[in-house]
Amino acid sequence: MQLEYAQVKKIIMLDTMSCFRRQRSFRWLAEEFEPLTLYSHEDGRRCPFFTEFLLAPQQSSRGRFYCGLYAGYDHARKEDWSEWVDWLFMKEQGVHALATVADLNGIQEIGVWLMLPYPPPGDYMYEQGKRPRRFNIQLHRLLALHDTIETVIERWSRFYARTPVRLRGFVWGRQGIPEADVEVVEMCNEWIASLGLERLWMANYRSNRVIEWRELHFSAIALFANYTGRSEYGKDWLYNTGKFAALNGMGIQVVNGRGVIYDPNHADLYLEMVKNISSREEEARSFTRFRIQRPLMCL
Amino acid sequence: MKILHLPLEVGGQIAELCLQLRALGHQAVGYNWRHNYLKYDNTLLHSDAYEMLNTLETAITYFDIFHYHTGYTLFKDKTDIERVIHAGKKVVMHHRGNDVRIPSRAVKGQHYFNPYVYTGDSLPEQQILSNLSYFSKHLNTAIVQDYELYDYAADYYRNVHILPRPINIERIRPQETTAPHDLPIVVHAPTSRAFKGTEDIIRITEKLRREIPFHFILLEKVPRETTLSCMREADIIVDQINCGMYGNVSVEGMALGKTVVCYLRPDIKARLPKEIPIVSANRDTLYDELKRLLLDEDLRRRLGKQGRLYAEAWHDAKVVAKQLISIYETL
């Protein structure tokens, strides 16, 4: 059986909160979400576009980083993690705005995937006070994640239970999983699984432990080919990533980026790769990611 | 200053520099893509080339100084350096050994001949020369850790600074009380047997053990902390007997107050501080030097104390970090 391209599950990844590099704050209002959730045919019919959204926090109002290697530049502390949770439940932006767009346009369900803040292992203070928590203690890293996830789930059930937005699951906050993260990832994912939620890893094609993604208790993984057109990774990486992902039941990241390492044609090649793989391989799934928040691709 | 060290750790030195730079009020971050049995702690961000590359654009915006190590860059063709420079950021290359140890020149130079040196771990000569040409075309300044490497880099860059290997003097210190061992303990901890002369060291110590009783401990493929804890128990530490300049093991040994044996090429030794207490030995002299040290406990104790003072004077990471800041200020 061939998997129809239309059947491929597509998630769009959006940066949220502050970003110093682009000197802006991503609030995501309803009018910004609308062109991502619906598109218009030439005859005027409006059809669902993306129905799955991955929200990735960048920086807090204090300028501290939430995810990735950036979390090791100036890491987010407890007050920043709380700010992220609060951001998820602010009215007229983010998830709330998404729910509004779905309501207004009769979209029955929109899935939301939340990228978790990353607690970098090492001598990073998370919370001061009588019982300080530091990320050089594995238990403290795990507790920070547990507390935050619990708060999100509790508030989600109060705020969004009667809306079309559904919390699909959580996304690990780093592309790589070094040795120090393995236990925390396994335990955190196991716990999220027990709550009936998905666990997604946005990895690179050649990231360490990619092939062990199931052992790490992820329920899904999406690979980035590292092809951008202006770096040393050629088109062969793009196609090999597609084949590898298809053979191993993985998703792929489709990037539409701007900046010094991106050439203007890379997005077309990504689309071509997705179409080739999804039409040939039963198991292929695609997670779509825009590096910048411009829906330049039509799927 | 916001400083990014990349892309790998070198014997725990990058982590130490980052810690000291942070203590001086700078924001210092280090990437490491080298993961091995040494099992470095989490001072640096352990990652891989792919993840590092994906941060490049943000890193270029965020950091003021890009401090590359060991001739490695994120792109194989090394052009990420040009992109960083193009963005108006400062860049320095820190050469560490095999990336600049030009095989032909390692053996013979204007003022030296070293028949012992092993260059099989070095990059091919043409590649070293090509890399040096490329780097020095784009960078004015390089850092090296000693005079041996200085000579390789000096012909290329406008400025070459010698930055001694940093060590945490407070953490790596002699034991408070040391009960004498029944037999002296000699430790050798190679990361590369051929480079350090391990086969000769084993052969010579075996011969010597037939005459004088002592323990010989060979530490290989063990985490750095295990090596350090064994070195704390040692009486004599043999670093290497080939290269001609002392390395990390010697510095750690001196900081621990141990007697250190390491081959110092005569022309390099002449440029080092006169008080250097390292006992120089190569495969032709190791037997005699080691025998002398094994038979003279007072000499070992004296050299150990001198070694500690030398490490405090020349390798204290706090001092080295300040030297590094002054280098950054010239970029």
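Is B:Thr73 buried or exposed, and what is its relative accessible area? B:Thr73 is buried, with a relative accessible area of 3%, where buried means under 20% relative accessible area, exposed means over 50% and partly exposed lies in between, for a 1.4 Å probe and protein chains only.

## Basis of the model

This is a predicted model, in which local features need pLDDT of at least 70 and side-chain atom pairs count only at pLDDT 80 or more, while totals for chains, interfaces and linings use all residues. Residues are numbered from 1 along each chain as its sequence is written, chains are lettered from A and ligands numbered from 1 in the order in which they are written, and side-chain values use heavy atoms, with hydrogens and water left out.

## Surroundings of B:Thr73

B:Thr73 belongs to the loop between β4 (65-69) and α4 (80-86) of chain B. Helices (H or I, at least four residues) and strands (E, at least two) are DSSP runs, numbered from the N terminus. The side chain of B:Thr73 lies 2.7 Å from the backbone oxygen of B:Phe75, and a polar contact of 3.2 Å links it to the side chain of B:Asp80. A polar contact is a pair of N or O atoms within 3.5 Å; within protein, one must be able to donate a hydrogen and the other to accept it, and residues adjacent in sequence count only if both atoms are side-chain atoms.

Neighbours within four places in sequence aside, B:Thr73 is in contact (heavy atoms within 4.5 Å) with B:Pro7, B:Trp33, B:Tyr68, B:Lys78, B:Asp80, B:Ile81, B:Met93 and B:Phe135. One of these residues, B:Pro7, sits in the loop between β1 (2-6) and α1 (13-23) of chain B. The peptide bond leading from B:Leu6 to B:Pro7 is cis, with omega near -5°.

Helix α11 (residues 248-255) and helix α14 (residues 297-314) of chain B have axes that come within 7 Å and cross at roughly 110°. Axes are lines fitted to C-alpha atoms, for helices over the stretch in contact, and angles run from 0 to 180 degrees between N-to-C directions. α11(B) and α14(B) are therefore roughly perpendicular to each other; angles of 65 to 115 degrees fall in that class, those under 35 count as roughly parallel, those over 145 as roughly antiparallel and the rest as oblique. Their crossing is left-handed, a term used if the near helix is turned anticlockwise from the far one by less than a right angle, and right-handed if clockwise. On the α11(B) side, B:Val251, B:Met254 and B:Ala255 meet B:Gly304, B:Gly307, B:Arg308, B:Tyr310 and B:Ala311 of α14(B). The contact residues divide into five nonpolar, two polar and one charged, with Ala, Val, Leu, Ile, Met, Phe, Trp, Tyr, Cys and Pro counted as nonpolar, Asp, Glu, Lys and Arg as charged, and the others, Gly among them, as polar.

B:Thr259, in strand β13 (residues 259-261) of chain B, is buried at a relative accessible area of 0%. A polar atom of its side chain lies 3.0 Å from the backbone oxygen of B:Arg300. Beyond four places in sequence, the contacts of B:Thr259 include B:Asp235, B:Leu293, B:Arg300 and B:Gly304.

## Chain A

Chain A has seven helices and 13 strands, and 58% of its 299 residues count as buried. Among its contacts between residues at least 6 apart in sequence, 67% join residues at least 24 apart.

Helix α1 (residues 30-37) and helix α3 (residues 94-104) of chain A pack at about 55°, with axes 9 Å apart. That angle makes α1(A) oblique to α3(A). The crossing is right-handed. A:Ala30, A:Phe33, A:Glu34 and A:Thr37 of α1(A) make the contact with A:Gly94, A:Ala97, A:Leu98 and A:Val101 of α3(A). These residues divide into five nonpolar, two polar and one charged.

## Positive phi values

A:Arg209 is not a glycine, yet has a positive phi of about 75°. This residue lies in the loop between β10 (198-204) and β11 (220-224) of chain A and is buried, with a relative accessible area of 14%.

B:Lys221 likewise has a positive phi, near 55°. It is found in the loop between β11 (215-218) and α10 (224-233) of chain B, and is exposed, with a relative accessible area of 60%.
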